[in-house]
Amino acid sequence: MATAKIPPVLRPSTGGEKEVEVAGDSVGAALNALAEAHPATKGQLFGEDGSLNRYVNVYLNDEDVRVLDGLDTGVKDSDTLVILPAMAGGA
Amino acid sequence: MASGAELIKKAKEQISEIDPKQVHDSPNGAVVIDVREQQEFEQSHLPGAKHVPRGHLESRIESAAKADEHVILYCASGNRSALAAKTLQDELGYQNVESMTGGITLWKDRGYDVEVPRKLTDEQRERYSRHILVPEIGLEGQMKLLDAKVLLLGAGGLGAPTALYLAAAGVGTIGIVDDDVVDLSNLQRQVIHTTDTIDTPKVDSAERAIHDLNPGVDVVKYQTRLDASNIMEIIEGYDIIVDGVDNFPTRYLLNDASVRLKIPVVSASILGFDGQLSVFAPYEGPCYRCLYPTPPPAELAPSCGANGVLGALPGIMGVLQAIEVVKLVTGAGEPLIGRLLLYEALGTTFTNLKLRRDPDCPICSRDPGEISDDEMGVFPDYEAFCAAAG
């Protein structure tokens, strides 16, 4: 299974987990698996139409999935998905 | 055993020499290298010449010229450069090396211009000696640092270490924007402030620490909050901006203004045990809006209220910012443009992500002149969102 890296702001939704193993052969399937395992993440990742929210960036390894095939991008077991919402803390 | 004079004569027979006239009239993109000692180079040298003292030839030549480049060496009279040329040619595989006959003495006799470098004072030479010894910075890079104007947004967790290291590095002008006063709860991480400066404005406290460390730094204080009415006036004229602000509205505002003025922004943010870092260089790489076109909703953006943070986290992220500033100023290395660095302290992991310019970016896909005052820092419903976040 691929590994999803959970950003700090989503960790309350994954029971504090920083990394979650996700099954699925595409980015969409893997993120859906995450949303099923941790339902609180669903509304944070996806809009009502099922597309990825624009304020969430998802990287397959080091590449933005939007420049790949988006949610249809293929995922291998050794891959890492990095979920990245904006952070603004500086103090 | 050959005499020194014979050795030099023999070297000259085995290398190719070039007349100063040819170097002057048609340098043809050659890398011109001065192989004399430091003091000689500092008195005067050929315009644009790089400096690799003959004693450091083998260890430093590669940072000045590659083996397949056309290299012209010179010294005072053409002897040391002939010997150096022979070394480059015979032992280091440089294919196209020439030694300038008569050296800089003949060059000057011909009436050609020389560059007389600005000099560091003895105090500066000592203070910055460890920079000057690093080939990637050297005297030239140190001069650039002394001439640099860097603006720090915030003298808080990120701004504190950045300010100290940039002051120590000799950045000539450090501007600081912060409207806050020092609070006891700041001291867990904001190492530029002290117990003695509690309740004093952070810009004053920071200025004091900077001058304690390096009295040569010119500190420009802005005890205000950055907003649409003052941002253009404040940031204009700075070479680099260091963004350590704690909220989204200012980050968007800063992005838009810095794109308009084409000022690179070294940006970091922190939360808990996590940090992010990138360099947004307008029109060269993506801007903040290319990465984050819209802010997240309140529950995903805990930036409006107070949050916990590991004290040393802004330390490492702020120091990484200082390093990126030094790289941008001196031209050393590859700045973090088009890349985002994630640091996760609990697992001690660093992750590098690729960032790309958004061809439809509402700001940086357009010419700076097309971005109006009204558009800067704008995005939907921010105030409602912050109010919801508490």
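In this predicted model, B:Leu151 stands opposite B:Ile241 of strand β9(B). The pairing strand is β6 of chain B, residues 149–153. β6(B) and β9(B) run in the parallel sense and share four bridges.

Strand β9(B) also pairs with β10(B), again in the parallel sense, over three bridges. Here B:Asp243 has B:Ser267 of β10(B) as its bridge partner.

What covers the faces of β9(B), residues 240–243? Side chains in a regular strand alternate between the two faces of the sheet. On one side of β9(B) are B:Ile240 and B:Val242, and on the other B:Ile241 and B:Asp243. These four residues are all buried, and both faces of the strand are covered.

Next, a helix pair. Helix α10 (residues 159–169) of chain B packs with helix α11 (residues 202–213) of chain B at an angle of about 30 degrees. Their axes are 9 Å apart. The crossing is right-handed. From α10(B) come B:Ala163, B:Leu164, B:Ala167 and B:Ala168. They meet B:Ala206, B:Ala209, B:Ile210 and B:Leu213 of α11(B). The contact consists of eight nonpolar residues, with no polar and no charged ones.

Finally, the interface. Chain B puts 34 residues in contact with 20 residues of chain A. Four elements of chain B each supply at least two residues to this side: α13 (248–261), β10 (265–271), β11 (274–280) and β13 (349–354). β13(B) gives the most, with four residues. By type, the side of chain B that touches chain A holds 15 nonpolar, 14 polar and five charged residues.

Conventions
Residues are numbered from 1 along each chain as its sequence is written. Chains are lettered from A and ligands numbered from 1 in the order in which they are written. This is a predicted model: local features need pLDDT of at least 70, side-chain atom pairs count only at pLDDT 80 or more; totals for chains, interfaces and linings use all residues. Two residues are in contact if their C-beta atoms, placed from the backbone, lie within 7 Å. Ala, Val, Leu, Ile, Met, Phe, Trp, Tyr, Cys and Pro count as nonpolar, Asp, Glu, Lys and Arg as charged, and the others, Gly among them, as polar. Axes are lines fitted to C-alpha atoms, for helices over the stretch in contact, and angles run from 0 to 180 degrees between N-to-C directions. A crossing is left-handed if the near helix is turned anticlockwise from the far one by less than a right angle, and right-handed if clockwise. A residue is buried if 20 or more other C-beta atoms lie within 10 Å of its own, exposed if 12 or fewer, and partly exposed in between; C-beta atoms are placed from the backbone. Two strands pair if DSSP finds at least two bridges between them.
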